[in-house]
Amino acid sequence: MPSFDVVSKVNIQEIRNAVDQTWRELRTRFDFKGVDAGLNLEENSVLLWAEEEFQLDQLSDILKTKLAGRNVDVRLLLPEKIEAHGKQKRQRFRIVVGVDRDACRQIVKIIKDSKLKLQSQIQGDQVRVSGKKRDDLQQAIARLKEENLNVPLQFSNFRD
């Protein structure tokens with residue numbers, strides 16, 4: 001029976017490259033000359049720091065531009081609250097890995113509401129969709145791409 005998996009995977013190397021490109025651009029920008037600002041890639045997050053909040057916004061825009069240029073979906077970065085540490089303002093962006101439970105339930109609901117003859121089941125941080133017809137699976141993929149979920153989705157392990 002044909003099937004595919006709905007997953008949300010992250011290419012950490014591309015994120016690392018985008019952070020490095022952001023550092024390079026930060027060093028050459030005139031509006032950041034003499035400003036204590038930067039960013040750091042941690043295990044599951046990216047930490048940004050600057051002296052003012054508007055500089056944090058500029059820095060996050062640069063990072064998102066670099067990520068988009070490397071074909072990384074920027075929805076995988078979830079911003080947290082801006083914290084003040086002395087003279088610095090810091091903001092952490094958590095990197096979302098995998099599809100969370102709520103998004104999995106939403107994906108299953110979308111597939112059931114599509115009235116296609118498909119079965120979907122949650123398997124940890126992914127959803128497996130199977131059915132008798134390959135065309136139904138392709139319609140389900142198209143339907144999921146149309147939906148505006150807050151999670152970047154990839155479709156893998158397509159089997160005939």
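The buried residues of helix α2 are covered by elements that include α1 (12-28), β2 (38-41), β3 (45-50), β4 (77-85) and β5 (88-95). This is a predicted model. An open sheet of four strands runs in the order β6-β7-β1-β8.

**Helix α2**

- Helix α2 spans residues 53-69 and has 17 residues.
- Its end C-alpha atoms are 24 Å apart, which agrees with the 24 Å that 1.5 Å a residue should give.
- Q55, L56, L59, S60, I62, L63 and L67 are buried in α2.
- These residues lie on the same side of α2, because they cover an arc of only 155 degrees around the axis.
- F54, T65 and G69 sit on the other side of α2 and are exposed.
- N71 follows α2, and the phi of N71 is positive, near 60 degrees.

**Helix α4**

- Helix α4 covers residues 134-146, 13 residues in total.
- From first C-alpha to last, α4 reaches 19 Å, close to the 18 Å expected at 1.5 Å a residue.
- D136, L137, A140, I141 and L144 are the buried residues named for α4.
- They share the same side of α4, because their arc around the axis is only 145 degrees.
- D135, K145 and E146 are exposed, on the other side of α4.

**The four-stranded sheet**

- The pairing in the β6-β7-β1-β8 sheet is antiparallel.
- β6 and β8 are the edge strands, and each pairs on one side only.
- Neighbouring strands of this sheet are turned by 20 degrees against each other on average, direction ignored.
- β1 and β8 run antiparallel and are joined by four bridges.
- V7 has Q154 of β8 as its bridge partner.

**Helices across the strands**

- α3 lies across β1, β6 and β7. It runs at about 175 degrees to β6.
- α4 lies across β1, β6, β7 and β8. Its angle to β8 is about 175 degrees.

Terms used:
Residues numbered from 1 in each chain as written. Predicted model: local features only at pLDDT ≥ 70, side-chain atom pairs only at ≥ 80, totals over all residues. Heavy atoms only, no water. Helix = DSSP H or I, 4+ residues; strand = E, 2+ residues; numbered from the N terminus. Expected span 1.5 Å × (residues − 1). Buried < 20%, exposed > 50% of the residue type's maximum accessible area, 1.4 Å probe, protein only. Arc of directions from axis to C-beta. Pairing = 2+ DSSP bridges. Axes fitted to C-alpha atoms, helices over the stretch in contact; angles between N-to-C directions. Contact = heavy atoms within 4.5 Å.
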